[in-house]
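Biologist: Please show me the structure, and then I will ask about the spaces inside it and about one residue.

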Amino acid sequence: MKVSCRGVALILLLGAACGAAMADGAKPIAPPLWGTLTAGHDVVGFHRTFVFDRSRTWIQTRAPDGTFTPDRNGRPIQINVWYPAVPTKSDAMRLGDYVEQNAPAEFSDLNHEMLLRNRDAVGEPFTADATKQLLAMPMAGHLDAKPTPQRPPLILLAGGLSADINVKVVLAEYLASHGYAVASVSLLGHNAEEMAPFRSSANTEAGVRDLEFAIALLCQAKDVDCDRIGVAGHSLGAVQAVLLGQRNGNVAAVIAMDGTYAFKGNESALTAAYGFDPKASRYALLDLRRKQGMQSADLNFAPIDGMRYADRTYVQLNLMHHSDFTSFSMTADAMHLPTKAEYNGTGWTRATARQGYEQSSRIALAFLNQHVLGDPTAATQLSSLLQSGTVASSHHENALAAPPRLTDVVTLAQQGKAASIKSMYQTACAGEPMEQCVDQDAFNNRAYDELKAKRPEIAMVLFDLVAWSHPASANAQDSLADGYLALGQKDGAREASRKELALLDGDPSLDGATRQRLRVAAEKRLKDLQ
């Protein structure tokens, strides 16, 4: 069967069929654009995949006159993958091989947009001669090289607003040489009318879903290790990385590089994003950014300070700008790009930008090794890196013990450990209203399901927890009375009904009809229990 190197297939599936000639003996060598970064033990392979996400439409399907034309393809997505490869005699790629790309005809619009961004990254502000030199610079990647037989852990990269897909090519190659499969996804707007996205919740959501799609596609191949995933994002991509970490329970580590969510006035980029809930995050977060005040950066960490159940490390780096967290810091220094006069006297130079990028890459690797690989030596390595002169400040917040989930409470009740549940919530929810820790509707609904399943003892644990955590709720007492009745405990049902009546008039969560319905039910229950 003939296998195509394009389309939906992944290099991790097709490496043997599509790779260049392989041979033992090649040793990884860090290319010039890596600066002082040291290559790992692995040769780096590289592959592009173009695929449609048919769960989402891309083009407009309805004309102004109402005419309907179906979108038969869906949203176009490009995924670039760097991965550990077997040694090869093939020539390493040049930077120009990343910049120039081809795609199947049905992806021509996507390919055109990606080419424009790729070329812009090595065009303006460089001179024509500098651009020519950059395109010729050797890199570490080997196009379509055969992957190693091991299943490398997966790392997702998300760039900033309208960034080119190779915006973090140096970091991608560096991580791949150290044993990771690294995927970067095209960053488009939410439909064909917005090929280049602007700041909006719809475009943020579209980017998160693109990352989710990439995870699904790569993990289906079963050639990458998706048990513990890492995500690294820059600028707006950091917002998307944080959101992805919240949604996907297999994400073990998120690296947010100069994330816009901490810029004063831009907090809503994260806090107003679809589904954001700081208490739902359970991964390890590294907030890695330029020092407060650089480029007038005024910071507010409130959006992530609320992630109390996530392990958080905050690091600020000296003499870095926002764009220095991309590979531009390496190309600009390599080409001795002049600095703007406004930065004279600030201490920032192209050299400090490069040094900061190199150190941020080392910090990222150590952080991923610690939280994705579980390397016992990585924490010490990270601590050592944070002592360098490049680091302006760092501090760490340990994740607090998370409150039991609904399923945890049911399990504890089944194990006869119900007596420990309330103290667990008191510890985990210290400093915030208990009503915000226990979802009244979710727990009540599950309790009634337990009643239907003839498990009144389990239901009673849930009803009691809701009434305890929502002391001003008349409805919680109404449900508690039902629980007592199911157990045949009439005294408890009477007491709960009386409390219900006492709370009704002062319960602001009730509308008039609901208040009256509960009053009638409580009075009838008390009459029946006389």
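**Cavities and a buried residue**

Modeller: The second largest cavity has a volume of about 40 Å³. Keep in mind that this is a predicted model.

Biologist: How many cavities of 30 Å³ or more does the structure hold?

Modeller: One of them is the largest cavity, with about 70 Å³ of space. The number of cavities of 30 Å³ or more is two.

Biologist: Which elements give two or more residues to the lining of the largest cavity?

Modeller: The lining of the largest cavity includes Asn203, Gly207, Leu236 and Gln240. The elements that give two or more residues to this lining are helix H6 (201–220) and helix H7 (236–247).

Biologist: How many charged residues are in the lining of the second largest cavity?

Modeller: This cavity is lined by Trp82, Leu157, Ala158, Gly159, Ile165, Val167, Lys168 and Ser184. Lysine counts as charged, and Lys168 is in the lining. The lining has five nonpolar residues and two polar ones, and the number of charged residues is one.

Biologist: Is aspartate 478 buried or exposed?

Modeller: Aspartate 478 lies in helix H17 (residues 474–486). Buried means under 20% relative accessible area. The relative accessibility of aspartate 478 is 9%, so this residue counts as buried.

Biologist: Leaving aside neighbours within four places in sequence, which residues is aspartate 478 in contact with?

Modeller: Contact here means heavy atoms within 4.5 Å. With neighbours within four places in sequence left aside, the contacts of aspartate 478 are Glu500, Leu518, Ala521 and Arg525.

Methods:
Residues numbered from 1 in each chain as written. Predicted model: local features only at pLDDT ≥ 70, side-chain atom pairs only at ≥ 80, totals over all residues. Heavy atoms only, no water. 1 Å grid on protein atoms, 1.4 Å probe; cavity = no way out; pocket = protein on both sides within 12 Å on 5 of 7 lines; lining within 4 Å. Points joined across faces, edges and corners; volume = space filled by probe spheres on them. Helix = DSSP H or I, 4+ residues; strand = E, 2+ residues; numbered from the N terminus. Buried < 20%, exposed > 50% of the residue type's maximum accessible area, 1.4 Å probe, protein only.
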